[in-house]
Amino acid sequence: MAHSFARPRRSVILTILMAGLVAYSLFPLWWLLMSATKPQDLLGDSFGLLPAGEFALFANITEVLTHQDGIFVRWFGNTVVYVLAGAGGATLFAALGGYGLAKYRFRGRNAVFATVLGAVAVPGAALAVPTFLMFSELGLTNTMWSVILPTMVSPFGLYLMWVFASEAIPTELLEAARVDGAGEWRTFFTISLRLLAPGIVTVALFVIVATWNNYFLPLIMLSDKNLFPLAIGLASWNADATGVGATPVFHLVITGAVLTILPIVAVFLLLQRYWQSGLSAGGVKG
Amino acid sequence: MPVPGRRPPSLRVSAAGWSFVAPFLAVFAFAFIAPVIYSLYLSLFRDQLMGGNQFVGFANYTAAFTDPKFWDGAGRVLLFLAVQVPIMLFVALAAALAIDSGRLFGKRFTRIALFVPYAVPGVVAVLMWGFMYGERIGMVGWLNDAAGSQVLAPFTKEWILVAIGNIVTWEFVGYNMLILYAALRTVPGELYEAAALDGANQWRVIRAVKLPALRGALIIATIFSIIGSFQLFNEPSILQSLAPTLISSSYTPNMYAYNLSFTGRQINYAATVAIIMGVLTAVIAYVVQLRGTRRED
């Protein structure tokens, strides 16, 4: 694409080497998919990468959805709530904040900027224990807010939006709107938002995947099974299955895992081109 | 909301700037700054048997620095960092260069296939690999049966850290590949044309054009990987249910802090461990960034 002046010859050897890496990436997922089609007693007796004699995928799915009074469906709903409120909030605040930092000069702006850049280096996992300690003092643990509020903060998202807004929105456009007497928020909603859209999708993807897959934060915050997201719920089924005197439900963990992956992988494949543009933007300035 | 026309425009515009940043700052202050400050405060106190909660200065920090459990976990993540991160980044770099070279059949498919594991929830990745590592229903049991001997034994003291490293590599190699590949796409075509005019071969183009262009992205990928290693938690903590005797509650510093705050209820000490690891991570990330940017001059 970028250097098409002399199209290089394709290499079979290089392709074979990379095919090995592709196989490494995909075979665990293939194993998971095949295992989800088997009843539990055949899991150990059949070769992992081929289907077994009995096709039990639909029976497994039915059992996942009805096991323990259908708690899996509830976990799914909880995950959607965490994604909509937490990741949605994070995207909104990052878009507004990044736009404000990129397009306005105000007192204290540099201090805000330095703080946020410093915060990018602090990983979410390092913050989970301190946040838990404070939330438990405030009586916020074991509520949906204990997962939603920390999820709403994405310094990296704000940074990406700042990079994006700096380049995507011409300052003259805002000045022209000002001359026309439009209010700043009105200008944001009628003009800037549309220009920011690709950046917003990129940030939304990052925080949606991070929220869907988050483990440490909900694990430390929640003890009520009814508030679990999918990730914690699956891990709890697995822990139930391996305890002393427990009934193993490996087929449910495996089929539940497939059902957990499907929506997020679908979102991801549909919008994957935005990742690359987001990563380029973050990399160029960093 | 500022009233248009009443105040000078610069002030109006300045207030609008604040109003855009304010929602982020409000949540940031509550769910980021406040927990850090509260934990710093907690780390200076200790629940004494006599006299309740007392100010102890830096006693928790000196306790942590002489705590063998803390050092055991910290040493383990350092070892993990020193071995797993270079392997993962080298594979990611090779993959990015191969995809960018234009010499692959099925380039688009390769890129997406390598990236897909990143979308798989960490919990699912660990459960999946954990099952496959197992003798009973997994691929390892089948492989050992086929070979007629114990070829692989992931759930042993010697191999469990390698088994964890494999899971982390599987999850993140495609993500790092994409960071590097995205950087390669920004190299201007004229540079390649100039190199071709000079008669440079593929390896020289990689050394003279591509690797220098990758420096910034490599620094970012390294920093993210260092942070990930230091904060290692998901993989060992989920594998713990499959191999309880191999993975202790202080296997990594994060697991230690979690178990202290949760099962041990030693919140002051948990806050101390979390702060030490947070500071250590930030310092190392900062040093990598400094070294990386200095070479650019």
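Trainee: Is Asp69(A) buried or exposed?
Mentor: In this predicted model, Asp69(A) is exposed, because 8 other C-beta atoms lie within 10 Å, where exposed stands for 12 or fewer such neighbours, buried for 20 or more and partly exposed for anything in between, with C-beta atoms placed from the backbone. Residues are numbered from 1 along each chain as its sequence is written, and chains are lettered from A in the order in which they are written. Local features need pLDDT of at least 70, and side-chain atom pairs count only at pLDDT 80 or more, while totals for chains, interfaces and linings use all residues.

Trainee: Where does Asp69(A) sit, and what about its phi?
Mentor: Asp69(A) belongs to helix 3 (residues 57–103) of chain A, helices being DSSP runs of H or I with at least four residues, numbered from the N terminus. Its phi is positive, about 60°, although Asp69(A) is not a glycine.

Trainee: And where is Asn142(A)?
Mentor: Asn142(A) lies in the loop between helix 5 (124–138) and helix 6 (145–151) of chain A, and this residue, also not a glycine, has a positive phi of about 65°. Asn142(A) is partly exposed, with 14 other C-beta atoms within 10 Å.

Trainee: Switching to chain B, why is helix 11 largely enclosed by the rest of the structure?
Mentor: Eight of the 10 residues of helix 11 (residues 253–262) of chain B are buried, so this helix is largely enclosed; among the buried ones are Pro253(B), Tyr256(B) and Leu260(B).

Technical notes: Helices (H or I, at least four residues) and strands (E, at least two) are DSSP runs, numbered from the N terminus.
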